[in-house]
Amino acid sequence: MTFDLRARLEQRRAADLYRQRPLLQSPQGPEVVVDGQALLAFCSNDYLGLANHPEVIAAWRAGAERWGVGGGASHLVVGHSTPHHELEEALAAFTGRPRALLFTTGYMANLGAVTALVGQGDTVLQDRLNHASLLDAGLLSGARFSRYLHNDADSLDKRLGKAEGNTLVVTDGVFSMDGDIADLPELVTRARSKGAWLMVDDAHGFGTLGRHGGGVAEHFGLGLEDLPVLVGTLGKAFGTAGAFVAGSEDLIESLVQFARPYIYTTSQPPALACATLKSLSLLRDEHWRREHLAALIAQFRRGAEAIGLQLMDSFTPIQPILIGDAGRAMQLSRMLRERGLLVTAIRPPTVPAGSARLRVTLTAAHSPAQVQLLLNALAECYPLLEPVDA
């Protein structure tokens, strides 16, 4: 018996689900070069336009001069450098939590937190539309794993009533493919009434939500007692790379002792922590970035609704245009690219079957004129889409 990998790949291609990596040949920004073509991009998670910010680059360069370019070892051996420690302290202060812990990626942060907190005999309950890293963490934990209906507190309540052992409720803060926000105040109430802990992965909320960019916790005014486990990534609005978990002293010490993706991974380059400290300062203090971004979001939604596009319930930088059929979503993406615009088609299994979409993301580096170019192209291309049964 052999693995018939080619047949498997051909099946994916025939279903319009085959994925290919575009080759970025320029820094992150609205204007990029991809596969040799100059394009105006609306598909980056660099929400505040910090990934190519000159002050962040200068901080990385200075950090490399002072600390070198490699972490060298895991944090628990000899890889925990002064910049790492300073960044953890700054992130703790930023989130209003006693401590924060750095992870190499958001995927690792979610795997580490969930698997360190629950195991056999426990229960983990997750929103049906959670990110893949959260779902994988729930499966790997060995705990009893169940998914409740999307953003449905009553559905969660039914599962909480059957929970056993320590119970962890896990949700995205901002859902990455729909752009909507978890109803955290209601989830807090339901979880606390059953003695469960709430964990939120706020990868897409940090930087974009809250007066100071503190994400969904700041947006809803949720403290440590309401939200014991708060996860954030640094590769989106922060513009750098990595992730962190913020929480109590006991939580962070437990992760240091039991989170395998933390214990057995080489630390980030210290220079990266230096760059992130600068991006955190810009994110926190330059309110105009969030104000400008909010204006662009409002502009896009008004224009898209006038065209007749089917938008989703989102006031975040994630503005999906629901198409349904994967082939039609790919067709619209191709037509936009022919006109110099890069907007990624998102298809199953990333989203449920029948809900393929174009995932438009707006950033503070975009201009109103660039958003209008996108709207003009959508107005031209959308009516040209082939019918589903053509």
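## Helix packing, recorded binding sites and backbone exceptions

The crossing of helices H2 and H12 is right-handed in this model, which is a predicted one. Helix H2 covers residues 54-67 and helix H12 covers residues 270-285, and the two pack at an angle of about 150° with their axes 7 Å apart. Because angles over 145 degrees count as roughly antiparallel, H2 and H12 are therefore described as roughly antiparallel to each other. On the H2 side the contact is made by Glu 55, Val 56, Ala 59, Trp 60, Gly 63, Ala 64 and Trp 67, while H12 contributes Pro 270, Ala 271, Leu 272, Cys 274, Ala 275, Lys 278, Ser 279 and Leu 282. Sorted by class, the contact of H2 with H12 holds eleven nonpolar, two polar and two charged residues.

Two further helix pairs can be described in the same terms. Two packed helices are described by the angle between their axes and the distance between the axes, and the table sets out these values for each pair.

| Helix pair | Angle between axes | Axis distance |
|---|---|---|
| H2 (residues 54-67) and H12 (residues 270-285) | about 150° | 7 Å |
| H7 (residues 153-160) and H8 (residues 184-193) | about 15° | 10 Å |
| H14 (residues 326-338) and H15 (residues 368-381) | roughly 125° | within 10 Å |

For helices H7 and H8, the angle of about 15° between them makes H7 roughly parallel to H8, and H7 passes H8 in a right-handed crossing. The residues that make this contact are Ala 153, Asp 154, Leu 156, Asp 157 and Leu 160 of H7, together with Glu 186, Leu 187, Arg 190 and Ala 191 of H8. The contact of H7 with H8 divides into five nonpolar, no polar and four charged residues.

The axes of helices H14 and H15 cross at roughly 125°, and the two helices are therefore oblique to each other. H14 passes H15 in a right-handed crossing. Leu 332, Met 335 and Leu 336 of H14 make the contact with Ala 377, Leu 378 and Cys 381 of H15. By class, the contact of H14 with H15 comprises six nonpolar residues, with no polar and no charged residues.

Turning to the recorded sites, an unreviewed UniProt entry lists Arg 19, His 131 and Thr 350 under the feature "binding site". From this set, Arg 19 and Thr 350 belong to the lining of the largest pocket. Arg 19 is placed in the loop between helix H1 (5-14) and strand E1 (31-34).

Under the feature "binding site", UniProt (unreviewed entry) also places Gly 106, Tyr 107, Ser 176, His 204 and Thr 233. Although these positions are spread over 128 residues of sequence, they cluster in space, with a largest C-alpha distance of 13.7 Å. The lining of the second largest pocket takes in Ser 176 from this set. Tyr 107, for its part, is placed in helix H5 (residues 106-117).

Two backbone features remain to be reported. Most residues other than glycine have a negative phi, and most peptide bonds are trans. Pro 348 and Pro 349 are joined by a cis peptide bond, for which omega is about 5°. Pro 349 lies in the loop between strand E12 (345-346) and strand E13 (356-361).

Methods
Residues numbered from 1 in each chain as written. Predicted model: local features only at pLDDT ≥ 70, side-chain atom pairs only at ≥ 80, totals over all residues. Heavy atoms only, no water. Axes fitted to C-alpha atoms, helices over the stretch in contact; angles between N-to-C directions. Helix = DSSP H or I, 4+ residues; strand = E, 2+ residues; numbered from the N terminus. Parallel < 35°, antiparallel > 145°, perpendicular 65-115°, else oblique. Left-handed = near helix turned anticlockwise from the far one by under 90°. Contact = heavy atoms within 4.5 Å. Nonpolar A, V, L, I, M, F, W, Y, C, P; charged D, E, K, R; others polar. UniProt positions renumbered as here; feature names shortened; annotations may be inferred. 1 Å grid on protein atoms, 1.4 Å probe; cavity = no way out; pocket = protein on both sides within 12 Å on 5 of 7 lines; lining within 4 Å.
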